[in-house]
2 protein chains.
Amino acid sequence: MLGQMMQQPLLISSLLVHAERHHGEREIVSRRVEGDIHRYTYRELAARARRMANALTGLGLAMSERVATLAWNGYRHLELYYAVSGSGAVLHTLNPRLHPEQIVYIADHAEDQVLFFDLSFLPLIAAVAGRTKTVRHWVAMCARAHLPADAAGIPGLLCYEDLIEANHDRYDWPVFDENSASSLCYTSGTTGNPKGVLYSHRSTLLHTYAAALPDALNCSANDAILPVVPMFHVNAWGLPYVGCMTGAKLVFPGPALDGKSLYELFESEQVTVSAGVPTVWQGLLAHVQANGLKFSSMKRTVIGGSACPPAMLRTFGDEFGVHVLHAWGMTEMSPLGTVCSLKPRHLQMDAQARYAVMSKQGRAVYGVDMKIVDESGAELPFGSETSGELLVRGPWIVDQYFKGEGGNPLRVDAAGHGWFPTGDVATIDADGYMHITDRSKDVIKSGGEWIGSIDLENIAMAHPAVAMAACIAAHHPKWDERPLLVVVKKPGAEVTKAELLAFFEGKVAKWWVPDDVAFVDAIPLGATGKMQKNRLREQFKDYALPTA
Amino acid sequence: MLGQMMQQPLLISSLLVHAERHHGEREIVSRRVEGDIHRYTYRELAARARRMANALTGLGLAMSERVATLAWNGYRHLELYYAVSGSGAVLHTLNPRLHPEQIVYIADHAEDQVLFFDLSFLPLIAAVAGRTKTVRHWVAMCARAHLPADAAGIPGLLCYEDLIEANHDRYDWPVFDENSASSLCYTSGTTGNPKGVLYSHRSTLLHTYAAALPDALNCSANDAILPVVPMFHVNAWGLPYVGCMTGAKLVFPGPALDGKSLYELFESEQVTVSAGVPTVWQGLLAHVQANGLKFSSMKRTVIGGSACPPAMLRTFGDEFGVHVLHAWGMTEMSPLGTVCSLKPRHLQMDAQARYAVMSKQGRAVYGVDMKIVDESGAELPFGSETSGELLVRGPWIVDQYFKGEGGNPLRVDAAGHGWFPTGDVATIDADGYMHITDRSKDVIKSGGEWIGSIDLENIAMAHPAVAMAACIAAHHPKWDERPLLVVVKKPGAEVTKAELLAFFEGKVAKWWVPDDVAFVDAIPLGATGKMQKNRLREQFKDYALPTA
């Protein structure tokens, strides 16, 4: 027997309709590629999204066809989030930091029909426009007056504002199955080809509800949210959807992600919440500290993408009164999996113990379940000292990759439930707080025991002479693998191998201390700013560790 | 093309699984019918709910069969919330304040198979046990030792704790269609027979997400929630589900709803959030004020069920630092429709203007949409001065009543969307804040214009001599209807008709001022504590208004 409640599919367009109707006057502020500050309201967002939906119809877009974007965080990108998915097409956010070859591969694989781009990416578009197989229209996200003369060489080029002006703002958002595809994001693909994750309207809406909860990102109509995390990176962690659901003010930084530009925007727009990867915050903190500044409105910032250095947690908290919410997720997870919201007993701890908890990636957001398993696949209990491979499940977690790429990624348990193996190695404490100790492929297997490289890197990073540190497995004749610390020194700083190794004493078990240090000029970074340890391992594959 | 995310039905059992796994140590505290305080954890809740699910299987319960409860707010009732719905049966919460005849009617209509009851209701059970048609088992929610000797007359009587002890705590929650019926609640039925609202697992889960949001009830693992609103009244506004979703501590008051008992529990359990109807808070405030007490942990309380008197908002806020969240909903809405969370511009208002906003029922929770329509059914714009009939839609709003009772309740708009007519008359301001001015059937139609009775009652209630006031339409030879104020004076207080009518001057438009006052000893109240104005209208149907 079924319940007798109204049947309404969970559709992305309903977020926009809600925002227009119940938060129509709330502002959306963007620093544009053009350089100036643009501001308008949810009411205008909704009207322009409807114009763009009409424009897409005019371009012959059919249900479920892919529309790509190569764009920064800004209002036009936001309009496309709603116009594309809302009208039934699939929003494919391309990462502009990828190589042109990868972009061509991904656009072809996705069969993108239209590609919208910010003017910053004109050279990139010029490089790929003649090479993609399916793109019929290239749309510059600007007014015609801003279009440089050299853009004329791009076939089928259109201007965003022309499309807006030429189309009507009357449009009825279609109603369809909530499981329909809404958006597509490719993993950065450090091994093999990038793989597409195809989100649905349902998964997006459930993720949005969960993300806005008090113990997740805690977003309200009274917040002003500045997503530093790019809209081309797992939908800016869902914040463009959270904005419409809650009526929060949205502040978009465009391409200006340096400390000074961000700080100006935080202050002028009285931002209360932000979100981004640790490297961005390093730039911001450096600017603020160098100039003796304070944050007048910032209450908290969400840090994810990679682990937040404990020192950064403390600086934000102790010096600036900004609460850092450590979070963890993946492209395959929409992306939110855990947030490090504290429980009552943590609030009574002293600062040091509390920061230790805050350094963990956090507890599962409702909707996501997680477990760690040993090498035989058996679940390890919460609170065990041992780390294990981290597996997750939930309604906004990938079931399989786009077009079945890579086969079935899931592991099925005894109860018949599919779990997605994250590729992370982690512990989960008795309170359910997950702490990533390594990527499975980066873990160092020393005499059959696992050494987590991330903790070692965090310790090294806390040394005043260290700018960047990677810890990788080097071949060892007796133990198979032993940790080798690869270090980039800060400009002008000096430190010896022996001093660095001594720095680990008392901070980790003796057998975890790296066997050696190699100083390098640079550590290779991938398109999302993560260290490419596979390339380092390749570089150091014949490295001879000292055998004491 | 469908998205490629994991398919997981939204099931009530998943809330319990999450709470056990991620908040296993968090407490649930209950004042028992037995008189003592009982405390245990979500871990124990989950284990006992599984035992009870096995017990239900043992009693021969099939999927979708109804299991009734007649019980106060407490841990055993909570176990049934999860055991019954989680195992696929339907939890039917009966209102013990109804007359035995109505309970028999409703139990028969619902075809209840098993009925669980708190010992307080033994006399009621004794009165109905021989008369219901379908109930096979009556289960006393206590241990055998607490069962009075006179209970033996009830056929098929079982003891709750016997069932718990006799059954195993291994149980795999079944997985089924999320649209399956989960729970059933009857409207109080002031006109005609009570009608059943049949919730689904999906509607319940979506409602839970929305209810926990920062701008709705704003619930976190750091809250201790005391639902005064009964679990037999629209699932205690969803708080038993919010508890498991967020890991908040739950505190149940049992039958002791007097000011002293509640206050003790608020303080001893350091409650941060509560929820209930205005009358309960009157008792609590009276106790606290009479004894010069303060709240040491209470941050906010949700007030709904009927309009919160503005004076109560101010007393809570100014005297006790407790923020009142005015909320509105209905049994037909699971129940949450609006919450009066403020927007940024309200926070800058002076206290008086802010309290005026807080007196409104609030803005739509995401998921619910609402509109007001005029007598022709045309939508009135937000911000119009005129009131209109309030209509709602959303995935946790009734589509039709159980067994099709009363036909199709919805009105279909031009776009083909069904809207549920709430029976309320309201305004919606430019910020989207809804304010109920009357029930459709209570509105006073004076010369073709509508006069809202609720505002008039609120003014009268603010007079120091008035204990209770109802404003009803009385027949008028010229204007068809004119307002008559029916008043119960406070014990020992004196006030004349002329004084009371003068009290309205300057507070409403002249033509809204009641034509007369009738003093009575009591105003009839319904089972949920609301004034029964239909009975008053009957009583005063031949009342002769003064014709000046």
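Thr331(A) is buried, with a relative accessible area of 12% (buried means under 20%, with a 1.4 Å probe and protein chains only). The model is predicted: local features need pLDDT of at least 70, side-chain atom pairs count only at pLDDT 80 or more, and totals for chains, interfaces and linings use all residues. Residues are numbered from 1 along each chain as its sequence is written, and side-chain values use heavy atoms, without hydrogens and water.

**Surroundings of Thr331(A)**
- Thr331(A) lies in the loop between strand S14 (323-329) and strand S15 (336-339) of chain A, strands being DSSP runs of at least two E residues, numbered from the N terminus.
- Leaving aside residues up to four places away in sequence, Thr331(A) touches Cys185(A), Tyr186(A), Thr187(A), Val197(A), Tyr199(A) and Val234(A); contact means heavy atoms within 4.5 Å.

**Relation of the two chains**

**Interface of chain A and chain B**
- In this interface, 81 residues of chain A are in contact with 81 residues of chain B.
- The rule finds eight salt bridges across the interface, each a side-chain nitrogen of Lys or Arg within 4 Å of a carboxyl oxygen of Asp or Glu.
- Arg21(A) forms a salt bridge with Glu379(B), with the closest N and O atoms 2.9 Å apart.
- Helix H7 (residues 201-212) of chain A gives the most to the side touching chain B, with seven residues; helices are DSSP runs of H or I, at least four residues.

Note on methods
Chains lettered and ligands numbered in written order. Buried < 20%, exposed > 50% of the residue type's maximum accessible area, 1.4 Å probe, protein only.
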